[in-house]
Amino acid sequence: MRLAICPLALLLLAIPATADDAAKRAALVAGYPDLFVFDGNDVVFPDGTRIVWDDGKARGAEELIASPDVEDMFHYVYPLAAAGALTPDRDFDPGRIRNENFFKAIYGASAGAVDDHVVSVPWLGGSARVTTLLDIDQRLAAVAAGMTGELVDYGRNPGGGFNWRVIAGTSQLSVHSFGAAFDINVDFSDYWRWAGVDADPIPFKNRIPLAVVALFEAEGFIWGGRWYHYDTMHFEYRPELIAYAKAMAD
Ligand SMILES: [Zn+2]
């Protein structure tokens with residue numbers, strides 16, 4: 001039998017991106033403006049670094065964490081603070097999926113390269129060390145200015161910012177390595193690994209008010225308390241995920 005291919009089908013085949021793919025690309029550009037361009041299926045940086053956007057592989061939960069492409073970072077839609085208190089579903093980890101090469105290209109590929117941009121920011125009577133890239137220092141200062149009244153206690157005794165290190169139990173760099181994450185008061189922190197390695201499902205715990213989360217989100221930071229593998233003192237600068245969450249809510 002002879003297959004007839006209509007012109008419309010050819011046209012559809014020629015369009016590389018679905019509407020959802022276009023929304024993800026737009027969110028990445030909105031989050032990191034003027035730092036890279038898309039060239040077909042590649043994200044290309046001014047120094048010539050090319051990173052594949054979408055390699056087409058379908059990944060399970062563990063592979064998404066271990067070896068994601070850039071597009072995979074949008075696999076789960078981050079729930080904004082406005083969605084209220086939530087207990088994350090199994091493996092729902094919006095923001096824990098990170099393409100390390102992308103962040104190295106944005107912030108620096110070594111401790112020294114990142115440190116060249118790191119400054120101290122006043123934080124509730126103390127200080128925090130984060131990068132000046134993408135104005136993250138000014139954004140954290142804006143969060144600090146909002147930590148008033150009953151919220152102050154959640155900011156005291158912070159866990160800290162810039163620290164070139166891998167995530168506990170993995171070989172992957174923490175976003176603290178890039179000076180783009182900040183941990184608030186460790187005394188109010190809950191962390192999934194503290195539930196014990198045999199916990200199944202992992203019981204969700206949180207003592208951080210959503211008013212604190214909303215302050216951080218307004219400056220482009222997501223909260224580790226939205227993850228099944230939760231880390232409730234942890235905030236990291238992921239404006240692309242907030243932009244995508246808002247686009248999906250529209
Ligand atoms: Zn952290």
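Visitor: Arg-238: buried or exposed?
Guide: Buried, with a relative accessible area of 0%. Bear in mind that this is a predicted model.

Visitor: Which residue does Arg-238 form a salt bridge with?
Guide: Glu-240. The closest N and O atoms are 2.8 Å apart. Glu-240 counts as buried too, at 0% relative accessibility.

Visitor: How many salt bridges in the whole structure?
Guide: The search finds 17. One of them pairs Asp-42 with Arg-50, at 3.0 Å from N to O. Asp-42 is buried at 19%, since the cut-off for buried is under 20%. Arg-50 is partly exposed at 45%.

Visitor: What about Glu-236 and Arg-98, how far apart are their closest N and O atoms?
Guide: 2.8 Å, in a salt bridge. Glu-236 sits in strand S9 and Arg-98 in the loop between H3 and H4, so the pair ties together parts 138 residues apart in sequence. Both residues are buried.

Visitor: Switching to backbone. Where is the cis peptide bond?
Guide: Between Asp-200 and Pro-201, with omega about 0°. Pro-201 lies in the loop between strand S7 and helix H8. In general, most peptide bonds are trans.

Visitor: And what is phi at Asp-34?
Guide: Near 65°, a positive value in a non-glycine residue. Asp-34 is in the loop between helix H2 and strand S1. Its relative accessible area is 75%, so Asp-34 is exposed.

Visitor: What about phi of Asp-91?
Guide: Also positive, near 65°. Asp-91 is in the loop between helices H3 and H4. Asp-91 counts as partly exposed, at 28%.

Terms used
Residues numbered from 1 in each chain as written. Predicted model: local features only at pLDDT ≥ 70, side-chain atom pairs only at ≥ 80, totals over all residues. Heavy atoms only, no water. Helix = DSSP H or I, 4+ residues; strand = E, 2+ residues; numbered from the N terminus. Buried < 20%, exposed > 50% of the residue type's maximum accessible area, 1.4 Å probe, protein only. Salt bridge = Lys/Arg side-chain N within 4 Å of Asp/Glu carboxyl O.
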